[in-house]
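Biologist: I should like to learn how to read this model. Please begin with the sheet.

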Amino acid sequence: MASLNILVAVCLGYVVFLFLVAFAADRFAARGAAARWLRSPLVYTLSLSIYCTAWTFYGAVGYAARSGLEFVTIYLGPTLVMMAWWWGLRKLVRVGRSQRVTSIADLISSRYGKSNMLAIGVTILAVIGVTPYIALQLQSITLSFEIFAEADPEQKYLSGSSVFWVATGLAVFAILFGTRNLDANERHHGVVTAVAVEAVVKLVALLAVGIFVVWGLAGGVGEMMARIDASEIGEWHVDSGRWVGITFLSAAAFLCLPRMFQVMVVENVDERHLRIAAWAFPLYLLLMSLFVVPIAVMGLDIMPETANPDLFVLTIPLSQGQGGLAMLSFLGGFSSATSMVIVAAMALSTMVSNHIVMPIWLRSRGSGASVSGDVRNVVLMARRISIAGVMVLGYVYYTLSGGGAALAAIGLIAFAGIAQILPALVGGLFWRGATRVGALAGLSAGFILWLYTMLLPNLGGVLMPETVLAYGPFGIGWLRPEALFGIDGLDPTIHAVIWSLGLNTTMFCLFSLASFPSPLERLQGAQFVNVFEHSAGPRGWTGSFAQSEDLMIMSQRILGAAEAQTFFQREVTRQGGRGHLPEPTPGFLERLERKLSGSVGAAAAHAMIGQIVGGSSVSVEDLLAVADETQQMLEYSNRLEEQSAQLTRTAAQLRDANEKLTQISLQKDAFLSQVSHELRTPMTSIRAFSEILRDTDELEAEDKTRYATIIHDEALRLTRLLDDLLDLSVLESGQVNLNIRSGRLSEVLDRAVATVLPGADRPIRVIRRSEDEGVDLDSDLDRLGQVFINLISNAQKYCDAEQPELRIQVHRIGDTLRIDFVDNGNGIPADAQKMVFEKFARVSSEKAGGAGLGLAICREIIQRLEGDIRYLPGEGGGAFRVTLPVATGRMAAQ
Amino acid sequence: MTGPDGSDDTAGHGARGPAMFLERRSYRRRRLMDAAKLLPIFGAVLFLIPLLWLISGSEAGPVPTSRAITYIFVVWALLIAVNALFGMGVKRWAETWVKSDQGGELSPDEDKSL
């Protein structure tokens, strides 16, 4: 007789063994050199066996003991689903892979245009449906403990605390191995491998008990068959409705249960594994159910009336003194329960954290979807907390329900609840017209009806009083939960399934037909329904060198050959391998993605690597993200272009400025040499004549006077030159103070003529029209006079006509005044015209009276007065035009 | 499930346009797809047959459970075998699907027309 202590020890040892298996598998997978068997169809098939929970391990026998062969429908449904793998499951798996789906809620929401409301709905449905199921597993573990405790009277056994510790242990396991990584492409190798090992254990355990019963107790197949026919379930008698209904329900649940979706779609590493699983998994189910009826019949035969048929698998070997077999059987049941709980908690936590916790967290932070790396940790933490939360829910449900017989019915109730997802799922995969509104309507209708007709009546008590069950709410008979619209006499389960799924499907279809989907929804619909045309063939994440090569080729295109090779070489070194290509480990892929995203943007990089590694197609969101990035890049490049144009303009301006500076510098040099030259000439004569006066003793008075006059004249010339230079520099530096006064133009001209003409040898004849000159001016009249004097004296000096004449013409055009000084000489030669306003520019050297600064000064003055002076060619002689503003002059005065 | 052209890896309907007769390979592939659709229906019908016994059994006495067990498990095993055969057929006739990235499982007589 196995004592409870040994049982606990074996149990703990088994758990440690599972931890080691999961740990080793994770290590293998992380090293990239994942062993072949980790990715084999066998592991995939075995992981599907989490369909067989403790409810089926223990419960199937109890079910058979109560209702005969009906239990087999639970397995027939999944078998039929597997028969349709080529056009059914394969499509689901392909869609899941190409859309990088993380859960069934994610799949539904992603099909209907990423509707988070749908995802939340599915998540809530799943949590409500699966939590009692988890409680059921906990109960089965406790019950099996209790069986051993009864057999071992020395030990006191507290079922409550053991359930608590079991739940805690399972939560720790799920957290440790289920929340290692985030990306749906990175699979939970550890968990899946542990589940596969447990699948073997439970199959072996059940087969061992079955073989013991048939050949050990009954004495062969023939005897066993005879015993079956002689037993109370010896006649073929099933309820047709239940037979069909439960087969359908189990098929639906097989597809929609979150944990099944997790192992079947999310954890699928290669679509081709389905080909093997399609026959291997039904075979597994067949073997699991092969000995159920014999065990049930044997239990009914040899066990006392009071024995719980649910635990025959355990109690028969115990009663026959087969302690070892009982232990194995216990481990089988323990495996069934733990693997289900772990995967279910993982799957539910993914849904809860992705669709409920994370949206709330993101909203509370006020940041949109554009969040960076630090979210990874938040997501993982959310997932861990969700796992713990799901466990706590299951535990609370278990303690509240008291672990009684009410739990036994929960399996089918959970199936029916989860099956409400089926219309939206199947419609989404095969009907492009299915819309979000339709899915929401169908789900809500099905969910409410399921609650009303199935869950609440079964929970009973406060939630659904007996009176409501018997006479309907408020005494309305046709609303009785188990006989809606007066349809009485149906099996309650079938009644609930027909109503909830029927209305669900009807609403789904009607609302889909009536509503109009959003563009994203329509795109996703096409992607889902026509997935085989849109996605590449079945490509597993096989992590082969071929992939590394593809990655290398792509990276070279993007990064350039040298940089890509350096990067890959560094990765090879980091992995400690040889050759030139690294293993495509998750770490390497992540770094590569980061690197590529620097060149092409994060979304594009993710899509590219996903194409090569994940075998997933580019989803609409990917495209939108890429478009977003492209938009940003375009904007950025536009800004760059703008900046570059601005820079070009600035550069051109700088170039101009530089040229001007160079010119000015040249002018300055020329000017300095001019000035020194101009200063030197008079200086030379002053020095020469003063030396003569000093050194020659006998000079005649006349000579003395002449020399002194020359010195005086030259000194005067110097003074004039210096005055002019000073004047010019003051004007040029803009430090001149203008003395703006009002006056008449004629007066200024009168003064200028009067200043120049007297004293000349041959005064020039000045022709004026006094009626034009009666213009009032607001200007610096002295400076203006200076300009006029300069122009008139130039004419006086340089006009080479026989009868020199100077015509002064005044025109007023709008606000500007034009004063032309035109003489009748030869004028200025064309090549010198440009130069006349430059400093020290002298037209003819022979008549060099001044320093050549006069016109330069004139130009400066006129510019100060906001006017203009220029030479007028083609007037028949030397001609200058002075333009002056009339109005601005007045303005300046104010 | 089948695409408008042969680019998908289903039956390859219309891979050649509107040809009257398909070559043997494409013909096989099409029949394979028919089998894929028929198989679950076939299985469901077989599992429904025991329900007929409920009616017929009333005259000749109730059908014993042992016979029902034998029938169900034999049908079950049969279906598994047929599905395994179908899997082999898929491997044989739908190379585009079976073909791995490394070309490891590629059969020597690869159909280039696909």
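Modeller: Strands of a sheet pair through backbone hydrogen bonds, in a parallel or antiparallel sense. Here, in a predicted model, five strands of chain A form an open sheet with mixed pairing, in the order 2-4-5-7-6. Strands (E, at least two residues) and helices (H or I, at least four) are DSSP runs numbered from the N terminus; two strands pair if DSSP finds at least two bridges between them.

Biologist: Which strands are the edge strands?

Modeller: Strand 2 (765-768) and strand 6 (868-871) of chain A, each of which pairs on one side only. On average, neighbouring strands are turned by 15° against each other, direction ignored.

Biologist: In which sense do strand 5 and strand 7 of chain A pair?

Modeller: Strand 5 (residues 816-823) and strand 7 (residues 879-885) of chain A are antiparallel, over seven bridges. L817(A) stands opposite L884(A) in strand 7 of chain A.

Biologist: Which strands does helix 32 of chain A lie across?

Modeller: Helix 32 (residues 745-756) of chain A lies across strand 2, strand 4 (805-813) and strand 5 of chain A, at about 175° to strand 2. Axes are lines fitted to C-alpha atoms, for helices over the stretch in contact (heavy atoms within 4.5 Å), and angles run from 0 to 180 degrees between N-to-C directions.

Biologist: Where is confidence lowest in chain A?

Modeller: Where pLDDT is low, the predicted coordinates should not be read in detail. On this scale of predictor's confidence in each residue, from 0 to 100, helix 36 (residues 887-893) of chain A is lowest, at a mean of 44.

Terms used. Residues are numbered from 1 along each chain as its sequence is written. Chains are lettered from A and ligands numbered from 1 in the order in which they are written. This is a predicted model: local features need pLDDT of at least 70, side-chain atom pairs count only at pLDDT 80 or more; totals for chains, interfaces and linings use all residues. Side-chain values use heavy atoms; hydrogens and water are left out.
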